[in-house]
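I am opening my notebook on this structure. I will take one topic at a time and write down what I look up.

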Amino acid sequence: MAITYQGIGTIGANSSAATTLNVPYPSGIQAGDVMVLVANVDSTTAPSLPSGWTAGVNYTAVSTQVPSGRVAVKVATGSESGNLAVTTPSATGNGYILLFRGVDNTTPIDVAGTTVSPASATTYNIPTLTTSRTGVALVAGGTANGPGGSWSTITAPATMTEVVDTTNAVVPVMAVDYLIWSGSGATGTVPIIRSSSLRGCGWMIALRPAATQQAVSGTVAGTSDTSATVALQAAVAGTAAASSGVSAAPAAVMGVSGATAAVAAASLAAMLLAPVSGTTVAAVSDVSGTATAQLAVAGQVDAVSDVAGAVVGGSTTDVSGTVDAVSGVVGEVGLMAGVAGAAAVTTTVTADVTSRQGITGSADAQTAVSGTVSGLLPITGATAGESATTGAVALQAAVSGTVVAQTGVTGEVSDPIPPDANPVTITLRETGHQTTATPTTRTTARPVTTTHATTARPSTRATARTSAHATTPEQR
Amino acid sequence: MAGLTNAESLATLDARFPTSGGTDYIAWSVNGSSEFSGLARTAIGATGWAAATSADPSVKANGTALTSATASSGGTVSHFAIFSASSGGTQRTDWTTLAASKTVATGDQLTAAIGAIAVTLT
């Protein structure tokens with residue numbers, strides 16, 4: 001806030017010796033204005049500091065001679081009126097009050113003032129002072145053991161405005177100038193020049209401008225790159241993507257009508273609940289937690305690679321697309337009821353693969369399945385556990401398609417079909433040997449369990465509850 | 001719009017910028033990439049954050065007027081960021097452009113009216 005000069009009060013004077021100097025307040029004082037009192041006396045002792053005022057500078061002529069004086073400041077309350085009574089030594093004297101606005105009310109005086117007390121001279125060189133900032137008000141003056149002569153306007157560090165210039169009205173004579181200085185730092189020597197040589201004093205203070213306050217505003221728009229939980233809940237109409245670096249659980253809970261993707265490096269669970277009506281629900285790679293897709297998934301659910309946790313297509317109903325768990329799945333892959341499309345588990349599945357009720361498409365577990373592959377009822381498509389299956393392959397009731405377990409099946413292949421179940425074909429392909437239960441009607445009350453030891457892989461067994469099936473001699 | 005629901009944004013903002021117990025500070029920048037040494041961070045205060053609004057998008061903003069310290073040197077302040085401490089600490093938001101840059105001189109202060117410093121999450 002820039003300092004502005006508001007005016008000066010009438011000069012108060014004691015033309016004869018007195019101990020009280022009445023200095024009139026200037027008019028127009030507002031709360032927060034800063035008043036500068038200058039009081040000079042024809043004495044070797046400066047006036048007293050009035051109550052509530054802050055000392056600026058004191059000065060006394062060289063060799064403790066007259067005149068002397070005081071500069072003080074005070075933040076106005078706005079209720080000042082009449083005269084300020086200043087206690088002085090018994091002497092003649094005079095004084096006045098300057099009024100400034102925009103001065104810092106906490107620290108009105110920017111830096112300590114300076115004085116000079118020359119012997120008889122026309123130029124009083126007021127020593128430099130160093131301001132802390134731009135915009136200070138430099139107030140400089142002189143007093144001399146007059147009467148006689150006049151004062152020139154001060155011109156350093158820039159031309160000032162002279163507001164007091166007494167000549168011989170009352171001893172001592174005095175002058176004061178001010179400058180709202182656009183510079184800062186050292187002022188350099190400030191000469192105040194008289195027309196006649198007199199003993200006296202020069203002084204200067206700097207008033208600090210009030211802080212300029214500038215209003216700011218701004219908005220942080222947070223979107224991505226958050227380390228906190230990213231939660232996607234109801235009614236997401238478009239695509240909701242948590243792409244990378246998600247350290248917490250991304251959840252799309254209900255009513256996601258667009259595609260939802262938890263793409264990479266989701267370290268916690270990625271959950272997709274019902275009803276997801278978009279085309280693709282993908283937990284693509286490096287999912288170390290559980291990826292769950294539950295009810296009413298109308299699109300495709302993919303868990304592609306390196307899923308360290310379980311991939312549960314808990315699609316108890318109405319999965320009309322494809323459910324794929326391709327490779328590197330070390331947890332459980334579960335496909336439950338109502339899978340209308342293909343369910344494929346391709347390679348390196350180390351845990352159980354479960355295809356349960358109502359699979360109308362194909363359910364394939366191809367290579368290196370070390371857990372159990374089970375297809376429950378009723379499976380109308382083909383179910384294949386092809387090679388290197390080390391766990392059991394269980395096919396239960398009402399399989400109407402082909403069940404194929406090819407090479408390297410070291411576990412059990414079972415088909416606990418009830419008597420009235422649909423025809424089924426079981427094929428074991430191993431170095432040319434086949435155990436086949438061709439389409440037939442199961443009529444026995446209790447199925448016969450038969451163990452088939454093949455020549456190539458004695459551990460391979462095929463158990464089928466069939467009343468009639470062709471076997472080779474080697475299998476006996 | 002894709003992303004967090006408004007309710008979730010509101011809850012998240014209130015959780016991350018609580019209405020009590022906060023220790024956040026506003027840091028100032030003249031270049032959008034580093035902190036301005038001429039102006040100390042401004043405390044938002046333990047209860048300086050207002051509750052996130054229920055508007056869409058939810059807005060978390062200062063609930064009390066803020067005034068910076070006086071600048072110790074001049075510069076044109078163009079950005080701000082929220083930090084977790086008066087010095088050092090964790091930068092909690094990216095450097096964000098002020099609605100208008102402000103040129104400060106030594107001794108000047110920046111002020112933020114209630115609601116002037118805001119965070120949204122979508």
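How many helices and strands make up the secondary structure of chain B? I find 1 helix and 8 strands. I am working with a predicted model, and I keep that in mind throughout.

**Entry 1: chain B as a whole**

I read chain B along its sequence and get the pattern α-β-β-β-β-β-β-β-β. The chain has 122 residues, and 46% of them count as buried. I look up its accessible surface next and note about 5100 Å². Carbon and sulfur atoms hold 52% of that surface. Then I turn to contacts in chain B with a separation of 6 or more: 70% of them join residues 24 or more positions apart.

**Entry 2: aromatic pairs**

Over all chains, I count 7 aromatic pairs. I describe a pair of aromatic rings by the distance of the centres and the angle of the planes. One of the pairs is A:Tyr59 with A:Trp203, which is stacked. I note 6.4 Å centre to centre and 5° between the planes.

B:Phe17 is in the loop between helix H1 (6-16) and strand E1 (25-29) of chain B, and B:Trp49 is in the loop between strand E2 (42-43) and strand E3 (59-61) of chain B, so the pair ties together parts 32 residues apart in sequence. I mark B:Phe17 and B:Trp49 as buried.

I also see a cluster: ring pairs link A:Tyr5, A:Phe100 and A:Tyr178.

**Entry 3: charges over rings**

Which ring does A:Arg194 lie over? It is A:Trp151, and A:Arg194 is 4.8 Å from the ring centre. In chain B, the charged end of B:Arg41 sits over the ring of B:Phe83, 4.0 Å from its centre.

**Entry 4: a sheet in chain A**

I trace an open sheet of 5 strands in chain A, in the order E7-E13-E9-E11-E10. The pairing is antiparallel. Strand E7 (109-116) and strand E10 (161-165) of chain A each have a single partner strand, so one side of each lacks a neighbour in the sheet. On average, neighbouring strands of this sheet are turned by 15° against each other, direction ignored.

Inside the sheet, strand E9 (residues 137-144) of chain A joins strand E11 (residues 173-180) of chain A through 8 bridges. At one of these places, A:Val139 has A:Tyr178 as its bridge partner.

**Entry 5: strand E7 of chain B**

Which residues of strand E7 (residues 109-112) of chain B point one way, and which the other? B:Gln109 and B:Thr111 point one way, B:Leu110 and B:Ala112 the other, and all are buried. E7(B) runs parallel to strand E14 (residues 213-215) of chain A, joined by 3 bridges. There, A:Ala215 is the bridge partner of B:Thr111. E7(B) also pairs with strand E4 (residues 66-67) of chain B, antiparallel over 2 bridges. Here B:Leu66 partners B:Ala112.

**Entry 6: one serine**

Is B:Ser78 buried or exposed? Its relative accessibility is 11%, so B:Ser78 counts as buried. I place B:Ser78 in strand E5 (residues 75-83) of chain B. Beyond neighbours within four places in sequence, B:Ser78 has contacts including B:Ser29, B:Gly32, B:Thr96 and B:Leu98.

Key:
Residues are numbered from 1 along each chain as its sequence is written. Chains are lettered from A and ligands numbered from 1 in the order in which they are written. This is a predicted model: local features need pLDDT of at least 70, side-chain atom pairs count only at pLDDT 80 or more; totals for chains, interfaces and linings use all residues. Side-chain values use heavy atoms; hydrogens and water are left out. Helices (H or I, at least four residues) and strands (E, at least two) are DSSP runs, numbered from the N terminus. Buried means under 20% relative accessible area, exposed over 50%, partly exposed in between (1.4 Å probe, protein chains only). Contact means heavy atoms within 4.5 Å. Accessible areas come from the Shrake-Rupley method with a 1.4 Å probe; for residues, only the protein chains shown count as cover. Rings of Phe, Tyr and Trp (its six-membered ring) pair if their centres lie within 6.5 Å; planes under 30 degrees apart count as stacked, over 60 as edge-to-face and the rest as tilted. A charge sits over a ring if NZ of Lys or CZ of Arg is within 6 Å of the ring centre and within 35 degrees of the ring normal. Two strands pair if DSSP finds at least two bridges between them. Axes are lines fitted to C-alpha atoms, for helices over the stretch in contact, and angles run from 0 to 180 degrees between N-to-C directions.
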